[in-house]
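Visitor: I would like to go through some local features of this structure with you. Could you put it on display?

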Amino acid sequence: MELLSLSAVELGTAIRDGRTTAPEALQAVFEQIARKEELYHCYVTIDREGALKRAEEVQGKIERGELKHPLAGVPMAVKDNLCTKGMRTTCSSRMLSNFVPSYSAEAVTNLEEAGAVLVGKTNMDEFAMGSTTETSAYGVTRNPRNPEHVPGGSSGGSAAAVAAGECFFALGSDTGGSVRQPAAHCGVVGLKPTYGTVSRYGLVAYGSSLDQIGPICRTVEDCGVVLETIAAPSGACIRDSTHIRRKDTDFCRGLKTDIRGIKIGIPKAYIPEEDDGSGLTRDVREAVLGAARLFRESGALVEEFDLELTDYAVPAYYTIASAEAGSNLERFDGIKYGYRATEAEELHRMYRQTRSQGFGPEVKRRILLGSFVLSAGHYDAYYLKALQVRALIKKAFDRAFRRYDCILGPTAPSTAPRLGESLEEPVKMYLGDIYTISANLAGLPALSIPCGTGAGGLPIGMQLTGDCFQEKKLLQIGCCYEQISPFKAGD
Amino acid sequence: MAKIYETVIGLEVHVELATRTKIFCGCSTAFGGRPNAHTCPVCTGMPGALPVLNRKVLEHAAAVGLAVNCTINRFCKFDRKNYFYPDNPQNYQISQLYLPVCRDGWVEIDAGEGRERKRIGIREIHMEDDAGKLIHDEEANCTLVDYNRSGVPLIEIVSEPDMRSAEEVIAYLEKLRLIIRYLGASDCKMQEGSMRADVNLSVREKGMPGFGTRTEMKNLGSFRAVTRAIESERARQVALLESGERVLQETRRWDEGKGVSYSMRSKEEAQDYRYFPDPDLAPICISDSFLEKIRAGQPELRTEKMKRYKAEYDIPEYDIEIITESRHMADLFEAVVALGSQPKKVSNWLMGETLRLLNERGMEPEELCFSPENLAKLIALTDRKTINSTVAKQVFEEMFAHNTDPERYVEEKGLTMVGDGDILRRTVEEVIRMNPKSAGDYRGGKERALGFLVGQTMKAMKGKADPAGVGELLKELLGPGRESTE
């Protein structure tokens with residue numbers, strides 16, 4: 001049996017059936033890591049010993065019948081902005097180069113209790129700020145489909161690890177597309193849940209009102225199973241005020257239904273015929289329209305419509321995300337943990353030097369932007385205005401979902417850029433988030449699925465966005481597409 | 001002609017709420033404890049940690065708001081106040097700027113003799129978290145941080161600039177303290193920092209419209225410091241204006257030891273806190289039922305209590321004022337009366353011995369440990385003349401210190417008064433025989449001699465007699481006609 005070709009759910013079944021074991025699966029992952037990691041650099045930290053010990057423990061529990069979870073024994077990777085007790089958590093920043101958390105994120109705890117085996121922590125854009133994983137302080141990650149290209153970001157390490165077979169599934173975090181866009185670029189499946197579905201406790205915050213933890217997997221079904229596991233409230237304590245304790249977290253049962261009668265809307269602004277400055281490439285446009293055709297042939301109703309306010313999403317997003325980030329990142333000051341500049345003699349000089357040396361340029365840019373939009377005299381003009389735009393965008397989606405079950409579009413305007421191409425032009429990079437950020441602004445669930453291949457063998461992803469709490473519908477449509485489409489994750 | 005200046009004062013009062021756990025995490029709020037013993041990822045600002053509001057904090061804040069006649073904002077939010085300082089682990093304080101929990105209230109104060117009652121407006125009350133403590137170690141030349149206080153819940157009560165003198169400020173603070181203690185929302189001890197006041201003060205020529213430039217005074221650790229700081233700041237501002245200078249808008253720090261204040265930062269140096277709604281905390285919608293529950297749970301406050309006492313108990317107004325100054329004292333009073341003691345007698349014990357011992361020992365009424373049952377028993381013992389008042393005071397001291405049962409104590413120590421039985425009569429006769437001169441003096445019309453004989457009898461009885469009864473018996477035995485029968 002070629003273990004690495006299995007999905008997480010298939011591997012879990014094989015382990016429970018005794019066709020393989022958790023340590024064997026982990027061994028296969030480590031062999032793959034030995035072959036590929038030097039080139040791809042998906043991980044910041046790999047915990048070989050801890051993982052082996054854990055795999056054996058889990059295997060024992062499975063054999064004794066104490067663990068029956070579908071993910072028991074399945075090797076996973078976790079983005080390095082999710083706290084892991086006793087395991088270094090860097091956010092790919094120099095600022096947290098020595099930070100070992102005293103507690104684990106609730107999402108990680110849930111997966112560990114289910115028996116998933118943590119292989120290590122994946123590379124990312126520093127503090128999740130970036131779209132290419134190039135802003136990491138620990139080197140770039142390469143796209144396993146074409147190592148001359150970036151894997152996308154900010155959860156680039158997680159997407160690349162899943163695509164490269166260096167784990168069976170991974171967790172990412174999605175503030176403006178950071179799960180979906182790298183999933184699209186690496187040819188795997190990524191899901192951003194409805195805001196509040198997964199507890200953010202233990203996720204190092206970037207934009208608190210936008211952040212959601214989401215799975216990156218090889219199949220839509222895997223995404224459903226992982227989401228079901230991480231969405232469950234862990235323990236009696238509420239640790240995240242924005243966590244909705246959903247009762248409808250049965251995302252997987254009866255997934256493979258047909259989609260006859262399903263109504264899918266494509267915003268016209270997402271598929272302009274001529275380049276309107278969004279940078280949408282011909283191959284991406286055609287791949288998405290090809291998927292639309294397949295949906296139509298399977299009995300879905302697909303039509304184009306006018307989604308309002310799409311032009312305002314990027315500026316509103318960067319205003320809100322930066323404002324929250326500026327405040328969220330204030331705690332990194334050299335006092336309590338993490339990097340500290342030692343040469344300073346006075347407190348405020350120490351703060352300045354620590355933060356000047358500890359943060360990279362993209363993080364600094366967003367802190368400056370965020371501080372500006374919140375400062376006296378600018379608050380109303382920028383931050384408050386952005387909140388108002390956000391509310392209007394949510395209303396525009398509400399109207400759309402009165403007519404459609406889901407909204408279809410590209411995940412990213414183009415396939416993965418070449419390494420080193422993006423950081424020179426930050427505004428262009430920000431505009432690349434055009435299709436994904438609306439879901440964060442409006443709190444909606446959105447799924448990215450491979451739907452084609454562009455130049456250089458690089459994958460193309462399409463995005464299905466649903467109304468709040470409609471993950472199951474998205475997963476159903478996604479599952480159906482997997483069956484009818486010629487493109488498979490990991491191909 | 002010299003100008004007459006008027007002082008205009010508004011107060012920002014911080015009150016530490018008496019919750020068991022912190023405002024945004026489950027850590028204990030207990031005072032003391034090893035540094036950083038009462039901490040967790042939330043109150044030390046660990047990456048990824050998130051706040052969850054302690055419901056009790058909202059209950060206390062709403063209760064205080066209702067008690068000071070505020071409107072409760074049915075939709076309120078928390079905002080972040082961003083500033084860098086090591087006592088603040090996240091480098092932002094979670095407070096309420098845009099939509100505080102309470103608005104537009106007032107309290108009535110009684111400032112000094114013969115003055116009319118006056119309303120002091122309350123602009124708002126908001127909830128926020130306290131900071132940790134920095135400990136500067138001069139020897140090791142370093143600063144240590146203790147986050148035990150980080151995340152302790154506070155409310156800030158912001159008054160309107162309605163006060164005109166230090167007396168009014170103190171009356172306002174006393175009123176707030178009384179109300180908050182009645183509610184059990186805080187112990188409001190200024191010395192321990194559970195109540196802190198910042199004074200905003202400006203002066204203007206009397207009768208002028210508008211306000212002068214104000215300063216904010218911090219670090220006021222007692223009522224005395226508040227009074228002195230107000231007087232000093234008023235004088236400073238008047239002197240500036242008199243010499244043709246301007247008052248600068250600034251924050252000043254009071255040095256109680258030196259009795260002067262120093263400028264901390266000017267308005268130009270004031271920080272931009274970049275307030276914005278905290279995205280980690282969902283807005284709070286206060287429901288009718290929540291508010292109803294708070295309303296129903298409000299204790300009877302002092303003003304109503306005073307009215308009721310006047311109607312229900314036959315005790316002087318002065319007594320009512322003193323007793324109702326503390327809810328604990330008032331509760332004690334009512335409980336003892338309910339056990340059948342006469343109200344005036346209960347009030348005498350509370351106003352006399354109880355207050356004396358509290359003052360002597362520097363204690364608050366809330367720290368009283370004796371039960372109403374025991375005070376009722378003590379009163380009954382004196383009513384039945386089982387013990388006299390001197391012995392009763394002795395028993396009370398014991399009861400005050402250890403909540404001792406007076407009946408058992410009197411019995412164990414053999415303090416029971418000897419009535420008008422044979423022993424007393426024989427002792428009195430013995431005293432008369434031993435003190436013929438005094439007896440003669442009394443018979444000769446010297447009333448004062450009786451006191452001496454009573455004292456001698458009490459001494460011989462080891463105090464276990466009722467002095468009044470002894471006096472009566474002496475009069476009887478020394479009375480006219482006795483001599484002639486011999």
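Visitor: Does A:D275 count as buried or exposed, and why?
Guide: This is a predicted model. A:D275 counts as exposed because its relative accessibility is 56%, and the cut-off for exposed is over 50%.

Visitor: Where in chain A is A:D275 found?
Guide: A:D275 is in the loop that runs between β7 (263-267) and α8 (282-297) of chain A.

Visitor: Which residues gather with A:D275 in a patch on the surface?
Guide: A:E273, A:E274, A:D276, A:E304 and A:D311 gather there with A:D275, and the patch is one of negative charge.

Visitor: A change of topic: what is the peptide bond from A:G153 to A:S154 like?
Guide: That bond is cis, and its omega is near 10°. Most peptide bonds are trans. A:S154 is found in the loop between β3 (117-122) and α5 (156-163) of chain A.

Visitor: On to chain B. What is the phi of B:N219?
Guide: B:N219 has a positive phi, about 65°, although it is not a glycine. Most residues other than glycine have a negative phi.

Visitor: And where does B:N219 lie?
Guide: B:N219 lies between β12 (215-218) and α3 (223-242) of chain B, in the loop. B:N219 counts as partly exposed because its relative accessibility is 39%.

Visitor: What about the phi of B:N403?
Guide: The phi of B:N403 is positive, about 55°, and B:N403 is not a glycine. This residue lies in the loop between α10 (389-402) and α11 (406-413) of chain B.

Visitor: Why does B:N403 count as partly exposed?
Guide: Its relative accessibility is 29%, so B:N403 counts as partly exposed; buried would require under 20%.

Key. Residues numbered from 1 in each chain as written. Chains lettered and ligands numbered in written order. Predicted model: local features only at pLDDT ≥ 70, side-chain atom pairs only at ≥ 80, totals over all residues. Heavy atoms only, no water. Patch = residues over 30% accessible without salt bridge, like charges linked within 9 Å, V, L, I, M, F, W, Y side chains within 5 Å. Areas by Shrake-Rupley, 256 points an atom, 1.4 Å probe, with all protein chains shown as cover. Salt bridge = Lys/Arg side-chain N within 4 Å of Asp/Glu carboxyl O. Lys, Arg positive; Asp, Glu negative; His and termini not counted. Charge placed at Lys NZ, Arg CZ, Asp CG, Glu CD. Helix = DSSP H or I, 4+ residues; strand = E, 2+ residues; numbered from the N terminus. Buried < 20%, exposed > 50% of the residue type's maximum accessible area, 1.4 Å probe, protein only.
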